[in-house]
Amino acid sequence: MIHIVKINDNTPNGKRIVEELRNNYKDVEFVDSTVNSNVPEGYLTGDQFRKNVKSKIHKHYQENGLV
């Protein structure tokens, strides 16, 4: 069974619990909650931003005969 919990790691007790969970790396997986969250309209994820920048740089290089 998988449980989703929120732990306040700003408290001493929360820090202790998180540290104890990290010691059980075979049974516990920490998932970055921002990966699954919805991105507001007009915002880019990190991957989208990098792809956008790379394509603009590549286009600039082609236009100026650098590639």
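Phe 49 lies in helix 3, where helices (H or I, at least four residues) are DSSP runs numbered from the N terminus. The model is predicted, so local features need pLDDT of at least 70 and side-chain atom pairs count only at pLDDT 80 or more, while totals for chains, interfaces and linings use all residues. Residues are numbered from 1 along each chain as its sequence is written, and side-chain values use heavy atoms, with hydrogens and water left out.

After helix 3 comes Gly 65, which has a positive phi near 70°. Gln 48 also has its place in helix 3, and this residue is partly exposed at 41% relative accessible area (buried means under 20%, exposed over 50%, and partly exposed in between, with a 1.4 Å probe and protein chains only). From Gln 48 to Gly 65 the separation is 17 residues in sequence and 26 Å in space, C-alpha to C-alpha.

Two salt bridges are present in the structure, each defined as a side-chain nitrogen of Lys or Arg within 4 Å of a carboxyl oxygen of Asp or Glu. In helix 3 (residues 46-63), Arg 50 and Asp 47 sit three residues apart, about one turn of the helix, and their side chains meet at 2.8 Å, N to O. Arg 50 is partly exposed, with a relative accessible area of 47%. The other pair belongs to helix 1 (residues 12-22), where Arg 16 and Glu 20 are four residues apart, again about one turn. Their closest N and O atoms are 3.5 Å apart. Arg 16 is partly exposed at 46%, as is Glu 20 at 47%. An α-helix has 3.6 residues a turn, so residues three or four places apart point the same way.

Turning to the rings, Arg 22 lies over the face of Phe 30, 4.3 Å from the ring centre; such a placement requires NZ of Lys or CZ of Arg within 6 Å of the centre and within 35 degrees of the ring normal.

Finally, a nonpolar surface patch is formed by Leu 44, Phe 49, Val 53, Ile 57, Tyr 61, Leu 66 and Val 67, with about 670 Å² of accessible area together. Patch members have over 30% relative accessible area and no salt bridge, and nonpolar side chains (Val, Leu, Ile, Met, Phe, Trp, Tyr) are joined within 5 Å, like charges within 9 Å. Accessible areas come from the Shrake-Rupley method with a 1.4 Å probe; for residues, only the protein chains shown count as cover.

Terms used
Helix = DSSP H or I, 4+ residues; strand = E, 2+ residues; numbered from the N terminus.
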